[in-house]
Amino acid sequence: MSDHEDKHEESLLEKISEKVKGHDLSSSSSDSDDDKPSESSMKAKVFRLFGRERPVHDVFGGGKQADIFLWRNKKISAGALGVATVIWVLFELLEYHLLTLVCHLLILALALLFLWSNAASFIHKSPPRIPEVQIPKDPVLDFAQALRLEINRGFAVLRDIASGRDLKKFLSVIAGLWVLSIVGSWCNFLTLFYIVFVLLHTLPVLYEKYEDKVDPLTEKAWHEIKKQYAVFDAKVLSKIPKRPLKEKEKEKKKD
């Protein structure tokens, strides 16, 4: 009986040890499987448009403006696009003028309020409560301060480009201004502003939806642009005489 009990206990211990070993092996294999995708994801970096590492919503600021551009709030986005379309139709297609529109709207509003205020005593109803409208000081100062900083930053960039220190930046800015001048000859400022407004309400949404298909195409295009720029640099830019380093150091000291 004792030998039989000893054998039974040994068989139980062997089964328990086998289960423990199997559980350790499965947990280690699962841990290794969990580590594999993280390592592969760390090694292979996915190309993103404009080199971004954040979601599209964070690129646009992550606030209400990002919600409008990405149609997170469809009512506000559709309303903003509808108002812009109405303004473009009035001023561009119907050739309505801004000063005329403002005057007509003020005439209509003042006439309605004036008639309502005088007719209230005859129809035994309370006159309209006209709110007192005042422009707050702090938002205007904040907007003016932000606008001043952006203008000064733009002047600093233009000064840096005109100083001749960065040829690549100079050529890119000249090309951008040239393209903008061509687009400006095709349409006026209001139409151009409306086109940009519509593109801001359509392209980010489409890109966020199809970014996995767009990013590989942009990666190929970007590599092709780099190749063409390398050829242009070797044939043209490298042959342009550059100023000696001493003159640049003198200018930096003067600045």
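Student: Which residues do ring pairs link into a cluster?

Tutor: This is a predicted model, in which local features need pLDDT of at least 70 and side-chain atom pairs count only at pLDDT 80 or more, while totals for chains, interfaces and linings use all residues. Residues are numbered from 1 along each chain as its sequence is written, and side-chain values use heavy atoms, with hydrogens and water left out. Rings of Phe, Tyr and Trp (its six-membered ring) pair if their centres lie within 6.5 Å; planes under 30 degrees apart are stacked, over 60 edge-to-face and the rest tilted. The cluster linked by ring pairs consists of Phe189, Phe193 and Phe197.

Student: How many aromatic pairs does a search of the whole structure find, and what is the distance, centre to centre, between tryptophan 88 and tyrosine 194?

Tutor: The search of the whole structure gives three aromatic pairs. Tryptophan 88 and tyrosine 194 form a stacked pair with 10° between the planes, and centre to centre the distance is 5.0 Å.

Student: How many residues apart in sequence are the parts that this pair ties together?

Tutor: Helices here are DSSP runs (H or I, at least four residues; strands are E, at least two), numbered from the N terminus. Tryptophan 88 belongs to helix H4 (residues 74-93) and tyrosine 194 to helix H8 (residues 189-200), so the parts tied together are separated in sequence by 106 residues.

Student: Is tyrosine 194 buried or exposed?

Tutor: Buried means under 20% relative accessible area, exposed over 50%, and partly exposed in between (1.4 Å probe, protein chains only). Because its relative accessible area is 17%, tyrosine 194 is buried.

Student: Is phenylalanine 189 buried or exposed?

Tutor: The relative accessibility of phenylalanine 189 is 67%, so this residue counts as exposed.

Student: Which helix gives the most to the nonpolar patch?

Tutor: A patch is made of residues with over 30% relative accessible area and no salt bridge, with like charges joined within 9 Å and nonpolar side chains (Val, Leu, Ile, Met, Phe, Trp, Tyr) within 5 Å. A salt bridge is a side-chain nitrogen of Lys or Arg within 4 Å of a carboxyl oxygen of Asp or Glu. On the surface, Leu167, Phe170, Ile174, Tyr229, Phe232, Val236 and Ile240 form the nonpolar patch, with about 550 Å² of accessible area together (Shrake-Rupley method, 1.4 Å probe; for residues, only the protein chains shown count as cover). Helix H7 (167-186) and helix H10 (211-235) each supply at least two residues, and the helix that gives the most, with three residues, is H7.

Student: Where is valine 236 found?

Tutor: Valine 236 counts as partly exposed, at 37% relative accessibility. Its place is the loop between H10 and helix H11 (245-254).

Student: What positive phi does glutamate 95 have?

Tutor: Most residues other than glycine have a negative phi. Glutamate 95 lies in the loop between H4 and helix H5 (98-119), and is exposed, with a relative accessible area of 61%. Although not a glycine, glutamate 95 has a positive phi of about 55°.
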